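Welcome to the tour! Open your viewer, switch to a cartoon view, and keep the sequence panel at hand.

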Amino acid sequence: MRLQRFAVLRFFILVLPLLALSSSSVLGQENKSTTQTRDTGVRAGNRVVSSGQKTKVKGIIVRRDADTFAVADDVNDETVVLLTDRTTVRSKGGFLRSGKDYGVTSLLRGLRVEVEGRGNRDGQLVADKVRFDSDDLKTARVVDSRVAPVEDANKRLSGQVEEVGEISRLARDEAGVARNAAGKAHERISALDDYVVQDSANIYFRVNSAVISLEDQRALDELARKTATTKGYVIEIAGFADSSGDVARNRVLSQQRADAVVRYLQESHDIPLRRMVTPFGYGATKPAADNTTPQGRRQNRRVEVKILVSKGMAGSGS
């Protein structure tokens, strides 16, 4: 009888802790599943940041959306970062010098960043600070401008092995310190590939000018009014120049034109900078008309402004 009681006691000592552990694991899985099914960008397998937890992550931006981006660390764990109006974006300073302030539009895919903030109830990291090296930003801009122009937003990169190989090649040639990271980032599906063009406008400029005319201001006003009733949108802004003048001057001028449109939309219509993705000056590389005629050159001195909407919001997504 004593041996039987001892056996029963031993059974409870060994089995009850295992039952408790199993129950805790099931509850944990249920909680994690609940968090991941919310429409927050936190996908299955992502790192979930506990609400209120102060966290710092380092890695490569691998997905970019209007208000969020995903950072993959060295072991390929992804953290979804939420941008707010209080998020500060700066380059790192060096010896006896401070960094430079940037807009959130500089947070491109392929950029290596350090993010500090706190978790929210959706498992995202709400960013207080985003820091990066200015050299890494230059690399990210070069790669992004060559392999992911948003005017080709309907073209999905995920099924194109040749473009993925080209991304890796460009990253090796131009990335320097970040070449491997950039290649890894662009092998993933771009968030902008899930957007369609809902509306657009072309803004034209005089020779050697980045000043927006009154007529084109009205065109921007009309475009901005449409965003008030649009959900899940981002605005793509690309500047261009005609072929007159040298290459370096045309690049600078086209960037100034794109920046002028960004400033007008923000100051005149209070459109958040995080809604304007990758303003970039292409110089004379993508002409819309023949540069040999005055009329053609006028059409090439332009900024293309496009309202992009998530395919899911537009009803054309899978």
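Strands are DSSP runs of E with at least two residues, helices are runs of H or I with at least four, and both are numbered from the N terminus. Two strands pair if DSSP finds at least two bridges between them.

Before we go on, a note on what you are viewing: this is a predicted model, in which local features need pLDDT of at least 70 and side-chain atom pairs count only at pLDDT 80 or more, while totals for chains, interfaces and linings use all residues. Residues are numbered from 1 along each chain as its sequence is written, and side-chain values use heavy atoms, with hydrogens and water left out.

Follow β7 (125–132) towards α2 (134–147) and stop at D133, in the loop between them. Buried means under 20% relative accessible area, exposed over 50%, and partly exposed in between, using a 1.4 Å probe and protein chains only. Now select R90 too: R90 and D133 are 43 residues apart along the chain, and their C-alpha atoms are separated by 8.8 Å.

## The open sheet

Move along to β8, β9, β10 and β11. What is the order of the strands in this open sheet? The 4 strands are arranged β8-β11-β9-β10, with mixed pairing. β8 and β10 (276–281) are the edge strands, each pairing on one side only. From one strand to the next, the twist averages 15°.

Here are the pairs to highlight:

- β8 and β11 run antiparallel and are joined by 9 bridges; look for D199 and its partner I307 in β11.
- β9 and β11 also run antiparallel, with 7 bridges; A238 stands opposite E304 in β11.
- β9 and β10 run parallel, with 4 bridges; here G239 has G281 in β10 as its partner.

Colour β11 by itself for a moment: this strand is mostly covered, with 8 of its 9 residues buried.

Bring in α5, which lies across β8, β9 and β11 and runs at about 160° to β8. Then show α6, which lies across β9, β10 and β11, at about 150° to β10. Angles run from 0 to 180 degrees between N-to-C directions, and axes are lines fitted to C-alpha atoms, for helices over the stretch in contact.

How do the two helices meet? They pack at an angle of about 60°, with their axes 11 Å apart. That makes α5 oblique to α6, since angles under 35 degrees count as roughly parallel, over 145 as roughly antiparallel, 65 to 115 as roughly perpendicular and the rest as oblique. Select Q217, L220, D221 and A224 in α5, which meet V261, Y264, L265 and H269 in α6.

Zoom in on Q217, which is partly exposed with a relative accessible area of 22%. Not counting residues up to four places away in sequence, Q217 touches I212 and Y264; contact means heavy atoms within 4.5 Å.

## Into the core

Finally, select L220, I235, I237, V261, L265 and V305. Of the 21 residues in the largest nonpolar core, these touch the most other members. A nonpolar core is a set of buried Ala, Val, Leu, Ile, Met, Phe, Trp, Tyr and Cys residues joined through side-chain atoms within 4.5 Å. Which element gives the most to this core? The answer is α6, with 5 residues.

Apart from this core lies another, of 20 residues, among them V57, I61, L83 and A140.
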